[in-house]
Amino acid sequence: MGDFNLALVIVAIVVCIIVFLFNVYLLVNYQHPDDVNQAYFPKFVVVFGLSIAAISILMLPADVANRQACRHAIYNGACNLTLPMKNLWLTIYIVDAVLVFFVIPFAMFYYEGDQDKSIGKRIKSALLWMVTTAIVCGLILGILYGLIGKVDFTVRHLSSSTTSFPSSWGDLNSGQQCIGGSGVHQCSAYSASPSSEKTWTMRATFPEYVVALATIVGSVLFAIFGGVGIACLPLGLIFSFIRRPKAVITRSQYIKEATELGKKAKELKKAAESLRQEEKSGSKGRKFRKNVKEVEKELFQLEEDVKLLEEMYPQGEKAETSWALTVLGYLAKLVLGILGFIVSVAWVAHIIIYLLIDPPLSPFLNEVFIKLDNVWGLLGTAAFAFFCFYLLLAVIAGAMMLGLRLVFITIHPMKWGGTLMNSFLFNVGLILLCSISVIQFCSTAFAYYAQATAAQEIFGHTLESLRGIKYLYKYNVFQIAFVVLAGLTFVYYAAFGWRRKKPSGRFQLST
């Protein structure tokens, strides 16, 4: 067992290093040219936040592997010699909450501060906003923890009388597993009266309560974005293939479209300069913020139109190669979309079969992971990790889809070689906030496979018994919302997803 634990520690260290290097790679390749060799603090927060999010997702499979390290031990206390997963969980999620509610807002306020001000004034302004946020969050957490920061466990009080030692072991059989006379099974919990149920109340620890409240906030976003994303992620790829450009356009068509886009780009630049002058004058009212979001939306659409035009008319010496790569890219989207659709259907079916129907019809994916573990020790764990990561990808896809359609959500698209640090920070905060709920959701959905883990102790017992919150989990509010939104999104794509996009804004690609 000691060798198993040493191997697990080594794997954990190697994975953390790989995750860190991969996030640095993402930052370098996604960052905007304007942020090269500057904005080092926001970059550090981005890499650190992405690493925490990825590690938190991978910790649940590690928790399962850690449990298996002492499953077949022959002496008591063997599990005390494994990794301290509960402390690691609480540490990861306290760091997660601090990043989401304090560090990332400070970094965003500092980055988006007026560039004409000195560094000291920008830091002072960002600190004022962060301290205000800290005071409000601290008061809310302190008041809630003092008033309702308790856990109510339902327990059953059982008692039975003694009986003489049986003269023959034949008294015990499949029809009578308990010792008792005249057919009375006094040791059976099934014969206890309803009045034997009691409520055992204890105060939750403050770190667990912080994790619980952060999970609730993340669960609301997860139910909305995840429900939409679980359908739009694969279907968006499939319908992107259906709406793909079928052939290269002529040079005259390209010149016409490029001229139109140039005019729209100039108009958009004038609008942005006008907003910047308005910002310098100190006018930042509701109308100003609305106009900023409109300009961001139009800029995003203009960039998409430029990308589409470049696909339809590749240029240069390798134009034919570029067109071939474009065709292969859309074929890859089709294949990934079909595979993703299978995974999404499996997820929704598992939620309905295992979580919403009481008692569950089948363990479903839990049994699949167990059988894969029997084939090879880490195969089931790898499949388990994949399904958890897929949920996180679905959340990101859902956020991007709704962000393009709802005016009260700021759009922060991620673009290869064109992502500003404020967009990076926004998406990292969203990923961190939803990663807590993804883990809680997975620990509940795969409770049979992940049983007796530290994550289940935190999310499966304490969280679901917390006063004032437990009813959201008792009546499966988040799971129902997830499935309903997934169904509505599927209907939306079935009705409108196959249609070719048409111009809908002022800066759209002309017909």
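This is a predicted model: local features need pLDDT of at least 70, side-chain atom pairs count only at pLDDT 80 or more; totals for chains, interfaces and linings use all residues.
## Basis of the model

Local features need pLDDT of at least 70, side-chain atom pairs count only at pLDDT 80 or more, and totals for chains, interfaces and linings use all residues. Residues are numbered from 1 along each chain as its sequence is written, and side-chain values use heavy atoms, with hydrogens and water left out.

## Overall make-up

The protein has 14 helices and two strands. Both are DSSP runs numbered from the N terminus: helices are H or I with at least four residues, strands are E with at least two. Of the 511 residues, 41% are buried. Buried means under 20% relative accessible area, exposed means over 50%, and partly exposed lies in between (1.4 Å probe, protein chains only).

Contact means heavy atoms within 4.5 Å. Among contacts with a separation of 6 or more, 82% join residues 24 or more positions apart.

## Helices α5 and α11

Two packed helices are described by the angle between their axes and the distance between the axes. Helix α5 covers residues 206-242 and helix α11 covers residues 421-445. Their axes come within 7 Å and cross at roughly 95 degrees. Axes are lines fitted to C-alpha atoms, for helices over the stretch in contact, and angles run from 0 to 180 degrees between N-to-C directions. The two helices α5 and α11 are therefore roughly perpendicular to each other. The classes are roughly parallel (under 35 degrees), roughly antiparallel (over 145), roughly perpendicular (65 to 115) and oblique (the rest).

On the α5 side, the contact residues include Val211, Ala214, Leu221, Phe222 and Phe225. On the α11 side, they include Leu430, Leu433, Cys434, Val438 and Phe441. The residues of this contact divide into 12 nonpolar, five polar and no charged. Here Ala, Val, Leu, Ile, Met, Phe, Trp, Tyr, Cys and Pro count as nonpolar, Asp, Glu, Lys and Arg as charged, and the others, Gly among them, as polar.

## Aromatic rings

The whole structure holds 17 aromatic pairs. Rings of Phe, Tyr and Trp (its six-membered ring) pair if their centres lie within 6.5 Å; planes under 30 degrees apart count as stacked, over 60 as edge-to-face and the rest as tilted. The rings of Phe386 and Tyr390 have centres 6.3 Å apart and planes at 40 degrees, so this pair is tilted. Both residues lie in helix α10 (residues 379-403), four residues apart, about one turn of the helix. Phe386 is partly exposed at 44% relative accessibility, whereas Tyr390 is buried at 6%. Tyr492 and Tyr493 form an edge-to-face pair, with ring centres 5.7 Å apart and planes at 90 degrees. Tyr492 is partly exposed at 33% relative accessibility, and Tyr493 is buried at 11%.

One aromatic cluster includes Phe222, Trp347, Phe386, Tyr390 and Phe441. Phe222 and Phe441 also belong to the contact of α5 with α11.

## Charges over rings

Two arginines sit over rings. The charged end of Arg203 is over the ring of Tyr145, 5.3 Å from its centre. The charged end of Arg244 is over the ring of Phe241, 4.1 Å from its centre. The test is that NZ of Lys or CZ of Arg lies within 6 Å of the ring centre and within 35 degrees of the ring normal.

## Positive phi in loops

Most residues other than glycine have a negative phi, and most peptide bonds are trans. Phe364 has a positive phi, near 50 degrees. Phe364 sits in the loop between α8 (319-356) and α9 (365-375). Its relative accessible area is 28%, so Phe364 is partly exposed.

Asn476 is not a glycine either, and its phi is positive at about 55 degrees. Asn476 belongs to the loop between α13 (470-474) and α14 (477-497). With a relative accessible area of 18%, Asn476 is buried.

Ser344 lies in helix α8 and is buried, with a relative accessible area of 5%. Leaving aside neighbours within four places in sequence, Ser344 is in contact with Ile230, Pro234 and Tyr390.

Asn422, in helix α11, is buried at 13% relative accessible area. Asn422 and Ile104 are 318 residues apart along the chain, and their C-alpha atoms are separated by 9.4 Å. Val368 is in helix α9 and is partly exposed, at 36% relative accessible area. Val368 and Gly380 are 12 residues apart in sequence and 7.6 Å apart in space, C-alpha to C-alpha.
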